[in-house]
Amino acid sequence: MEVSMFLNTLTPKFYVALTGTSSLISGLILIFEWWYFRKYGTSFIEQVSVSHLRPLLGGVDSSSPSNPNTSNGEADSNRQSVSECKVWRNPLNLFRGAEYNRYTWVTGREPLTYYDMNLSAQDHQTFFTCDSDHLRPADAIMQKAWRERNPQARISAAHEALELEDCATAYILLAEEEATTIMEAERLFKQALKAGEGCYRRSQQLQHHGTQYEAQHRRDTNVLVYIKRRLAMCSRKLGRTREAVKMMRDLCVFQLMKEFPLLSMFNIHENLLESLLELQNYADVQAVLAKYDDISLPKSATICYTAALLKARAVSDKFSPEAASRRGLSTAEMNAVEAIHRAVEFNPHVPKYLLEMKSLILPPEHILKRGDSEAIAYAFFHLQHWKRVEGALNLLHCTWEGTFRMIPYPLEKGHLFYPYPICTETADRELLPTVFHEVSVYPKKELPFFILFTAGLCSFTAMLALLTHQFPELMGVFAKAFLSTLFAPLNFIMEKVESILPSSLWHQLTRI
């Protein structure tokens, strides 16, 4: 009875306010959920429920291992997944002063993220400094310069070091950050080479005199290799490709002769592959691939997609999807398709850039293998080589999506490689400028349930608010009828309780 009296006192304005407020709240929740999903790739409500509510309700955290006695195979798989999420230095990274900064001057956009530049600063400290730097004043200044965050402070420190002596690392910094053209950068790197070779010869004679001299020689070796590699890249950018190939071949031989682990981080063979493709020297490209496309070596998009390009080159000029569907694929065509499927499985982001379905940006200074950052770095330099091979992009367009039929659950099980790592999206969002670039995500994530639920709730309450505003009397009748039906079981129970309990006891309960 009291519920019915309360419902009768409600006016249509109350229902308009109720439905309007509900629609507003659900709309705000929907906007926040959508923003959170776009930024972090997960639902906020779902994350909170899994992270905080589930443990309180006695649920088991899925992230914790249920069985401590993990098999060796699973452990190896986990270790491989961690290694695949490692961030690598981009072998073909651009010059910061002559290329990245020029892009900023023209567009007003910053092509490099703070995270990417911070990784570069750490690399420079690893490559170009050692514990004995305090013995040489110029090296002591440069040790502080590599730690500076302000570019102008780094450049000023490099000039200060050069006032004391010819310092190879100071020339490197000026070539990378102050030079505004490739020719100017090359001139500074040649001066760095002259200074670096002198330091290398002196430290080579003293390397066996103690750990301090050995560390100094290792640093001088890193400096020399870095300078020669960048000089080769300058030659490549200035059109002297054959000269660049010769320098890169010498560096590859030097890298194999020396046993310093840091030299393998440069991945000079990827620079060599790109230059050989520019010369259309496909036989030498195949020879380099035979040396580096080994199961014991870490793969890369450059190796996988270059191997696919060479096999596609043998059949792409005469390939026709209609003819292939009628007669079937020949052995050579099957090999080419399998190579493309292998490459796409390794990095599924590359085809959209090669097929120009997604716009390119300047590649970052660091890449994540199998991630969007690696795809951008590969396509930025190799798109021209795919275009040069007649029919190669057509063959890629016709066959690349077939890869996904072989790996229906890429995060759980791969076909030729380990399962696709789940950490790539997070790392790529740190490496790439998400302000003007939409990070490619694989596999595509479906919208979380709570976004769909709040979208439906918002739409439903907005429709109710509109109907209530337009037809207040009619909607008031419907609302009263609905609420009366909803509270009918409660009214029935209350009436039964009143009839069973003595009136005096019920009176005392109601007073309490």
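**Salt bridges and a surface patch in a predicted model**

Modeller: In this predicted model, the side chains of Arg 96 and Glu 177 meet in a salt bridge, with 4.0 Å from N to O.

Biologist: Which helices does the pair of Arg 96 and Glu 177 link?

Modeller: The two residues lie 81 residues apart, so the pair links distant parts of the chain. Arg 96 belongs to a helix covering residues 96–107, and Glu 177 to one covering residues 168–178. These helices are H5 and H9.

Biologist: Are Arg 96 and Glu 177 buried or exposed?

Modeller: A residue counts as buried under 20% relative accessible area and as exposed over 50%. By that cut-off, Arg 96 and Glu 177 are both buried.

Biologist: With which residue does Arg 154 form a salt bridge?

Modeller: Arg 154 sits in helix H8 (residues 151–164), and its partner sits in helix H9, 23 residues apart from it. The closest N and O atoms of the pair are 2.9 Å apart. Both residues of the pair are buried. The partner is Glu 177.

Biologist: Which residues are linked with Arg 96 and Arg 154 in a network of salt bridges?

Modeller: Glu 177 pairs with Arg 96, and Glu 177 also pairs with Arg 154. The network includes one further residue, Glu 365. Linked with Arg 96 and Arg 154 are therefore Glu 177 and Glu 365.

Biologist: What separates Glu 425 and Arg 429 along helix H22?

Modeller: These residues form a salt bridge, the closest N and O atoms being 2.8 Å apart. Side chains of opposite charge can pair when their charged atoms come close. Because Glu 425 and Arg 429 are four residues apart in helix H22 (residues 424–431), the separation is about one helical turn.

Biologist: How many salt bridges does the count come to?

Modeller: The rule takes a side-chain nitrogen of Lys or Arg within 4 Å of a carboxyl oxygen of Asp or Glu. By this rule, the count of salt bridges is 21.

Biologist: Which helix gives the largest share of the nonpolar patch?

Modeller: The patch on the surface is formed by Phe 460, Met 463, Leu 467, Phe 471, Leu 474 and Phe 478, with about 600 Å² of accessible area together. Helices H23 (449–470) and H24 (472–500) each give two or more residues to the patch. Met 463, in helix H23, counts as partly exposed because its relative accessibility is 43%. The largest share, three residues, comes from H23.

Terms used: Residues numbered from 1 in each chain as written. Predicted model: local features only at pLDDT ≥ 70, side-chain atom pairs only at ≥ 80, totals over all residues. Heavy atoms only, no water. Patch = residues over 30% accessible without salt bridge, like charges linked within 9 Å, V, L, I, M, F, W, Y side chains within 5 Å. Areas by Shrake-Rupley, 256 points an atom, 1.4 Å probe, with all protein chains shown as cover. Buried < 20%, exposed > 50% of the residue type's maximum accessible area, 1.4 Å probe, protein only.
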